[in-house]
Amino acid sequence: MTDFSNVLLASDYDRTMTGFDGEIPAANLAAVDEFLALGGAFTIATGRSKPMFAEPLRKLRVNAPVILANGAAVWEPEGDRVTVLHSLSGEALAAIREIRRQFPGLRLELQGLRAHRCFGRDALRDAYLERYGIEACYDGWEDLNDTILTASFYAPFRSVGHSRTEETSEAEERPFAEMARLVETQYAPLLEPVRSMPRMIELLPRGCGKGRTARWLAGRLGRKVLYCAGDAPNDLPMLTEADEAF
């Protein structure tokens with residue numbers, strides 16, 4: 001019988017653990033149970049914030065800390081303890097504020113450990129957040145009394161959910177490509193642009209990534225072998241870092 005007692009398996013959540021409908025197939029849950037029974041350590045490595053992953057976590061059996069915000073933080077649900085590895089500095093937030101001035105048609109969310117600070121009204125996006133128990137906060141730039149891990153920009157939502165690749169035109173993608181180039185040319189020491197889905201972009205603290213954090217977590221757990229599964233560009237760092245990538 002296979003022994004996974006030396007393995008950490010880190011899986012992306014959206015469209016890797018779940019289907020396009022956002023639900024976790026029973027076969028995936030059964031596979032996780034089998035992996036755990038054979039001694040494996042299992043976790044999720046997601047781009048989601050802590051508030052956005054609290055509800056999905058209840059559907060899963062994880063026996064290792066969860067990797068949040070594309071590697072910016074590690075959350076130990078038992079005890080609700082968060083180890084922040086990277087957060088956006090004041091200088092980085094000032095850069096994000098300037099970037100938003102150049103892309104006023106996009107919604108911005110500063111995603112923290114406790115809440116999402118929102119700029120640009122979008123009723124469908126607000127409804128999507130509400131689905132996960134998050135009330136959108138529109139208090140502006142002042143009194144940011146939260147640890148901000150990610151700044152995410154979105155095109156207007158078309159439904160209470162994310163858009164698929166085939167629904168995205170070249171014109172819709174243009175501002176996100178332009179923003180990525182702007183960040184890499186003017187703000188590279190501060191920010192790292194990451195794409196996980198069409199019609200959105202995430203700006204992370206420079207040096208942040210799922211791969212580095214997954215490997216760090218494997219070492220902390222005493223697991224010498226790292227398996228990773230993912231489906232999107234933001235998963236590439238951990239797929240590259242993995243000993244076995246899916």
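I started with the sheet: five strands form an open sheet in the order β7-β6-β8-β10-β9, with antiparallel pairing. Strands pair if DSSP finds at least two bridges between them; helices (H or I, at least four residues) and strands (E, at least two) are DSSP runs, numbered from the N terminus. β7 (116–119) and β9 (191–194) are the edge strands, each pairing on one side only.

Before going on, I noted that this is a predicted model, where local features need pLDDT of at least 70, side-chain atom pairs count only at pLDDT 80 or more, and totals for chains, interfaces and linings use all residues. Residues are numbered from 1 along each chain as its sequence is written, and side-chain values use heavy atoms, leaving out hydrogens and water.

Next I checked β6 (residues 107–112): four bridges join β6 to β7, and the two run antiparallel. Gln 111 has His 116 in β7 as its bridge partner.

Then I turned to α1 (residues 26–37). Which residues of α1 are buried? I found Val 32, Phe 35 and Leu 36, where buried means under 20% relative accessible area, exposed over 50%, and partly exposed in between (1.4 Å probe, protein chains only). On the other side of α1, Ala 26, Ala 27, Glu 34 and Ala 37 are exposed. The buried residues of α1 pack against β1 (7–11) and β2 (41–44), contact being heavy atoms within 4.5 Å.

Last, I looked up Thr 46, in the loop between β2 and α2 (50–57). Thr 46 is buried, at 0% relative accessible area. Not counting residues up to four places away in sequence, Thr 46 touches several residues, among them Asp 12, Phe 53 and Lys 210.
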